[in-house]
Amino acid sequence: MQKLLEETGKQTQESIKLCDDFNSTFANNGWIAYESFNSEAMKNAMFCFHSNGMNAAEEVLLKYYSATELSQRIHLLLGSKHFEPWESILNTAFQRYQQDDYISGIPLLLMVADGVVNNTNMNDGLFSKQSAMEVWDSIAGHSSGLKKVKSIMAKGRRKTNTDPIYLPYRNGILHGRDVNYGNQAVAAKCWGILFAVKDWADSFLNEHERKLKYAKKHDKKSMSLGDLIHSLKNRQDDQAHSEEMLKQWKPRDIHIGVNIPETGDSNVYTRNSPEHCVALFISMLNKQNYKSLSELIDRGYDGNGDKGKGALRNLRNAYKQIKDVTFQILSIDDNAASVTEIMVRLWYQRDGMCYVLDNKYRLIYMVNGTPAVRGEEGGTWKIVTGYAQIQYQGDVQR
């Protein structure tokens, strides 16, 4: 038990240290850590900084926020209840980003950031002097994160400046003082701020609940020693079983069109397989069965906290214009014991126009919301990324 506690504490401290180190290194340049920021990307940027300096590190960060990479994560914003009123603006901003049109896209991103914080923070916007932006037990809400960048962005810019800027000076951009702001560095930092704002808003709204859970967890009277030992014993048995299954696992021998159909109704695929999950997702999308759709994806796993009626409403708003979806499986990769990625070509109608899209679905096998070795009792496949791209991507078919 002591070893388990020490290991958990060590991992937590390492995560906190990574975020603190990242912010102390990059916050002055407009980059900040937040909960959904990929830890490997942060480590890579830190490594490049110490090996080759700030310019090399920023190249790594610019790649992390490239339009291609961002297309795999923007659903975190588009699917969030915090960003729902600005969905159209956000879609437009992303389209401009894909087109390298930073001049018209950056002001939209700044507007959205300010609006979301206003809605969440009792009408104190991101750039208001009254908005503290600090939240208990939150990476995005730590004083070294959003609060630090806010102080940079809100700086007064009282003279017209025609030199290029590489920080998102909100006042200088929106008030017409910094006229040479249209570059990827400023745009990428604005996207980073939006992701941080999303994580901050999630933490802000459930701060009280998390404090209560923390207090309960650390209440020594909440669990007897016998209960604790019994709980740990069950966990050890489950872990031993999972480790044995992991040793025996190997990727399937897959031949599309031979042992796995290229297309078809969900019932032509092996039940509770990743491809069955994708086919069922497309079937429910065509039937506009949003309750079943919500059960096939895991929005909590990618950082989104929407639940219940709010989640169904967001799904309905996101997919109501999508119709007549057909698909062809192009490839299936069993990347790990709990992970499969499926590349699918989709044909569909959106807003009355016909589109085609090659889309990658990433699925994770889960038991009670936790990744597990495929085949473990009580588990199901969940789509964790790739379910949102059909809303805003695709090539128009002439």
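Lys291 and Glu295 sit together in helix α14 (residues 290–296), 4 residues apart, or about one turn of the helix. Helices here are DSSP runs of H or I with at least four residues, strands are E runs of at least two, and both are numbered from the N terminus. The two side chains form a salt bridge, with their closest N and O atoms 2.9 Å apart. That term stands for a side-chain nitrogen of Lys or Arg within 4 Å of a carboxyl oxygen of Asp or Glu. Lys291 is exposed at 52% relative accessible area, while Glu295 is partly exposed at 43%. For these labels, buried means under 20% relative accessible area, exposed over 50%, and partly exposed in between, using a 1.4 Å probe and protein chains only.

A word on the background: this is a predicted model, where local features need pLDDT of at least 70 and side-chain atom pairs count only at pLDDT 80 or more, though totals for chains, interfaces and linings use all residues. Residues are numbered from 1 along each chain as its sequence is written, and side-chain values use heavy atoms, leaving out hydrogens and water.

Back to the charged pairs. Side chains of opposite charge can pair when their charged atoms come close. The whole structure holds 12 salt bridges, and here are some of them:

| Salt bridge | N to O distance |
|---|---|
| Lys291 and Glu295 | 2.9 Å |
| Arg252 and Asp334 | 2.8 Å |
| Glu341 and Lys360 | 3.6 Å |

What does the bridge between Arg252 and Asp334 join? The side chains of Arg252 and Asp334 meet in this bridge, and the pair links distant parts of the chain: Arg252 is in the loop between α12 (225–248) and α13 (274–287), and Asp334 is in strand β1 (residues 322–336), 82 residues apart. Arg252 counts as partly exposed because its relative accessibility is 33%, and Asp334 is buried at 10%.

Glu341, in strand β2 (residues 339–350), pairs with Lys360 in strand β3 (residues 353–367), 19 residues away. Glu341 is at 16% relative accessibility, so it counts as buried; Lys360, at 37%, is partly exposed. Shared partners also join Arg252, Glu275, Asp334 and Arg374 into one network of salt bridges.

Now for the inside. The largest nonpolar core has 103 residues, and those with the most contacts inside it are Phe22, Tyr65, Trp191, Phe281 and Tyr319. Such a core is a set of buried Ala, Val, Leu, Ile, Met, Phe, Trp, Tyr and Cys residues joined through side-chain atoms within 4.5 Å. Helix α10 (residues 184–205) gives the most to this core, with 13 residues. Beyond its neighbours within four places in sequence, Phe281 is in contact (heavy atoms within 4.5 Å) with residues including Leu293, Tyr319 and Tyr387.

Zooming out, the chain has 15 helices and 6 strands, and 46% of its 398 residues are buried. Among contacts between residues at least 6 apart in sequence, 60% join residues at least 24 apart.
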